[in-house]
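Subject: Handing over a structure, with notes

Dear colleague,

I am passing a structure on to you, and you will find the sequence and the coordinates just below. My notes on what was found in it follow after that, and I would be glad if you read them with the model open beside you.

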Amino acid sequence: LNSNHTEVCIEAAKAGKHILVEKPLCENIRQAEEIEKAVELIQESEEILIFSRGLSTNVADELMKKLQLFRKPVSLHDDSKYMAYYARFVNEKSLIIVLSLSGETVEILNALNIAKGQNPKILSLTVNANTSLTNLSDISLIGYKSSLEVNYFDLDVHSRLSLSILSRVLIDAYSIYTLKQ
């Protein structure tokens, strides 16, 4: 990773400039290994459930449709009661993919706690490494979220770009994996 890009990008962000920088898919070998493990979970699962809430559901919907193109059985649940209901029926061959910026979305955590009793695999896409979600997850892909983002509303309208990038990296890696098979 070229550290010169980091410094220039931070300075540009502080100056309020728009930034587009293409970098490697991950910063280190540990992150690459996590992506590889996530791809293996997708391949090995007999069913995939995606849990999300709010604006993260837009990213989750795209992820679901792309996984369905690979003929994976995928369902998306963004309602707390449906998440809790379907969490009761997962098993050790199920994969739950969770998209949550904060990693502390109560409705998702409640459903995962129900699901844990049936031993599904849990893959989280989030921007916070030390959360209740990552503690419940078998694998967590952690994206970057700038602390410079300003939210002028009393609503959760933060950018989901980091979740979108994680989703894209996951699908690209899965696509490469399937081409090698």
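Of the contacts in the chain with a separation of 6 or more, 70% are accounted for by residues 24 or more positions apart, where contact means heavy atoms within 4.5 Å. Please keep in mind that this is a predicted model, in which local features need pLDDT of at least 70 and side-chain atom pairs count only at pLDDT 80 or more, while totals for chains, interfaces and linings use all residues. Residues are numbered from 1 along each chain as its sequence is written, and side-chain values use heavy atoms, with hydrogens and water left out.

The overall layout

Helices (H or I, at least four residues) and strands (E, at least two) are DSSP runs, numbered from the N terminus. Buried residues make up 37% of the 181 residues in the chain; buried means under 20% relative accessible area, exposed over 50%, and partly exposed in between, with a 1.4 Å probe and protein chains only.

The sheet and the helices on it

The five strands form an open sheet in the order 2-1-3-4-5, with parallel pairing, and two strands are said to pair if DSSP finds at least two bridges between them. Strand 2 (74-77) and strand 5 (139-142) are the edge strands, each pairing on one side only. Neighbouring strands of this sheet are turned by 15° against each other on average, direction ignored; axes here are lines fitted to C-alpha atoms, for helices over the stretch in contact, and angles run from 0 to 180 degrees between N-to-C directions.

Helix 4 (residues 80-87) packs on the sheet, where it touches strand 1 (47-52) and strand 2, and its direction makes about 150° with that of strand 1. Helix 7 (residues 161-180) also packs on the sheet, touching strand 3, strand 4 and strand 5, with a direction that makes about 130° with that of strand 4.

Strand 3 deserves a separate look. Strand 3 (residues 94-99) pairs with strand 4 (residues 121-126) in the parallel sense over five bridges, and with strand 1 in the parallel sense over six bridges. Val98 has Ser124 as its bridge partner in strand 4, and Val98 is in turn the bridge partner of Phe51, while Leu95 stands opposite Lys121 in strand 4. Six of the six residues of strand 3 are buried, so this strand is largely enclosed by the rest of the structure. In a regular strand the side chains alternate between the two faces of the sheet. In strand 3, Ser94, Ile96 and Val98 point one way and Leu95, Ile97 and Leu99 the other way, and all are buried.

Helix 3 against helix 7

Two packed helices are described by the angle between their axes and the distance between the axes. The axes of helix 3 (residues 56-69) and helix 7 come within 9 Å and cross at roughly 10°. That makes helix 3 roughly parallel to helix 7, since angles under 35 degrees count as roughly parallel, over 145 as roughly antiparallel, 65 to 115 as roughly perpendicular and the rest as oblique. Helix 3 contributes Ser56, Val59, Leu63, Lys66 and Leu67 to the contact, and helix 7 contributes Leu163, Ser164, Ser167 and Ile171.

Asn128 has its place in the loop between strand 4 and helix 6 (132-136), and Asn128 is partly exposed, with a relative accessible area of 33%. The side chain of Asn128 reaches the backbone oxygen of Ser102 at 3.1 Å, and a polar atom of that side chain lies 3.3 Å from the backbone oxygen of Leu101.

Thr105 lies in the loop between strand 3 and helix 5 (106-115). Not counting residues up to four places away in sequence, Thr105 touches Arg53 and Ser100.

Ser162 is found in helix 7 and is buried, with a relative accessible area of 8%. Leaving aside neighbours within four places in sequence, Ser162 is in contact with Leu101, Val127 and Tyr144.

With best regards

Definitions and conventions: A polar contact is a pair of N or O atoms within 3.5 Å; within protein, one must be able to donate a hydrogen and the other to accept it, and residues adjacent in sequence count only if both atoms are side-chain atoms.
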